[in-house]
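Good morning, and thank you for making time for this item. Please look at the sequence and the structure first; I shall then take you through selected features.

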Amino acid sequence: MSLVRIRNVHKSFGALEVLKGIDLDVAAGEVVVILGPSGSGKSTLLRCINHLEAIDRGVIDVDGAQIGHTMRHSRLVKLSAAAIVRQRRQIGMVFQSFNLYPHMTALENIIEAPVGVHGEPRAAAIAHAHELLARMGLADKATAYPRQLSGGQQQRVAIARALAIRPKLLLFDEPTSALDPELVGEVLATMRDLAGQGLTMIVVTHEIGFARDAADRVVFMDDGHVIEQGTPAAVLEAPTHPRTRLFLSRFMRQ
Amino acid sequence: MDDAARDVARAHRPFPLGRGLLWLAVMLIAADFAWIVAGNGNFGWPVVASYLTTASVLEGLSVTLGLTVVAMTLGVLIGLPIAIARLSNDRLLGGLAGLYIWFFRGTPLLVQLIFWYNLSTLFPEIAISIPFGPTLLHWNTNDVITPMTAAIAGLSLNEAAYMAEIIRGGLLSVDRGQVEATDAFGMTRAYALRRIILPQAMRAIVPPTGNQLISMIKATSLVSVIAMADLLYSVQTIYNRTFEVIPMLLVAVLWYLLVTSVLNVGQGWLERRFARGSERGQPA
Ligand SMILES: Nc1ncnc2c1ncn2[C@@H]1O[C@H](COP(=O)(O)OP(=O)(O)OP(=O)(O)O)[C@@H](O)[C@H]1O
Ligand SMILES: [Mg+2]
């Protein structure tokens, strides 16, 4: 069974329909990269999966539970705000602009949710955080504040922060787009490591190289639709849809 | 080019003659002013000295300080939920908060104080009851409203309106991405506010709050009109008897200045405390 199951999802902002019937499945342990032009609805889809945005139509299930809704006496009811908050706790998210807590050190950033939200004992959370920082190559940065770190280091702390809650699913929204070109590589390398470790990841990115060698599947979105998906080899080397071809040709030329 | 001789590490600073002369001129004028003030018998410095620590003045001072602390604390405690209500998506809550701020900021504090003091003429009895239903508890208004309670109600409810706007501004100054992150990590609104949003908002909240506190110390002098024995009231009581108006007012002025100076120092400390993680003022 798939970990994430998305069926006929529609989402509008006012009169603007951004998602126009999305179907997508992500199996446990799978790494899915979503590509597509700006404004095609990639971020919106990601944000719908952890209910940062509410969908207008369709169904999203994560690990067998419907996001934002539940069946009660064979009637579908919206979950309370508190229940939605609880649902999100199994999903980690990494943002384009990092969004680290600037008043906390790297270590404090990482243990905040495990201790404060998940009720993990502080000592265990700190040990786990040090382990994660070491994995990110940041063992010596535990006491640094975000502003004292480079963009690449900040994003790796943000990845450690997302991993610290032991998520069932990790969402990445353009994690390298805010980075200087020379810092992109270190973050992508970290993400490649994670991809090889059986984590379930949905990654929105413009890094075709990462899609080629880290993704199990590439999904191409355009104008609120999934127009093509398949193995990286199939979608990147032999795209069938003209819009995919157009998009990729722009990137390949670079 | 002799780079060793031109190394900026060896540079000397020329003597700033212009600034030196300016300093000298300012010092001279200040000294002269101090001399005039000290030598003018009408200021009555010996009287100031003898009354500065009189029991009734100190009592008045403690009333002023106590009232300031209580009214400010209540003002913040009431202002915080009003600020949160004002920012909520709930139209009813937001509207009520807006109405509160509109009313209490829109009417003079002096009028509000006198209004609370004379509440009994409007409502001779105060009661807790179910709307249109039975009464659960009731009091005689004159027993509840003393100069003290009227002063606390007037000052704190007024302060809450200003603090609500200051806190709201602080909350709005926090980056949107921070709210995103707390949502994505499944934090409840209250938890996110306490741990993530408010600590960052404090940088924008502390300086204007220090300003409010200093205004509040002076605003408490208004309570002398409802016969509350604060610092101003106690020096007035003395000069009504001795007719030494200026020296007694100087007693009050010196105390007000001393207290506000202490607060300035405290504010600087708080500002550094909440600058944690920002470029300016890295903690060790
Ligand atoms: N909160 C919002 N309110 C109104 N419109 C929105 C909102 N969020 C997104 N949109 C609009 O929805 C469309 C899709 O946005 P989305 O961010 O999902 O695109 P994207 O594929 O992630 O693009 P990019 O590659 O530029 O990040 C855009 O036209 C955007 O302006
Ligand atoms: Mg986007």
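Predicted model: local features only at pLDDT ≥ 70, side-chain atom pairs only at ≥ 80, totals over all residues.

Helices (H or I, at least four residues) and strands (E, at least two) are DSSP runs, numbered from the N terminus.

Which residues make the contact? H3(B) contributes Val57(B), Leu58(B), Leu61(B), Thr64(B) and Leu65(B), while H12(B) contributes Met248(B), Val251(B), Trp255(B), Tyr256(B) and Val259(B). Contact means heavy atoms within 4.5 Å.

As to conventions, residues are numbered from 1 along each chain as its sequence is written, and chains are lettered from A and ligands numbered from 1 in the order in which they are written. Local features need pLDDT of at least 70, side-chain atom pairs count only at pLDDT 80 or more, totals for chains, interfaces and linings use all residues, and side-chain values use heavy atoms, with hydrogens and water left out.

I turn now to chain A. Its secondary structure comprises nine helices and twelve strands. The radius of gyration of chain A is 18 Å, close to the 18 Å that the globule rule gives for 254 residues, so chain A is as compact as a globular protein of that length. That radius is taken over C-alpha atoms, and the rule is 2.2 Å times the number of residues to the power 0.38. Of the 254 residues in chain A, 57% are buried, that is, under 20% relative accessible area (1.4 Å probe, protein chains only).

Within chain A, is helix H3 (residues 106–116) enclosed or open? Eight of its eleven residues are buried, so H3(A) is largely enclosed by the rest of the structure. Among the buried ones are Leu107(A), Ile110(A) and Glu112(A). Their cover includes helix H4 (122–135) and helix H5 (151–163) of chain A, together with helix H10 (189–219) of chain B.

Finally, Glu228(A) lies in strand S12 (residues 225–230) of chain A. Glu228(A) is buried, with a relative accessible area of 10%. Leaving aside neighbours within four places in sequence, its contacts include Val218(A), Phe220(A), Pro239(A) and His241(A).

Notes:
Buried < 20%, exposed > 50% of the residue type's maximum accessible area, 1.4 Å probe, protein only.
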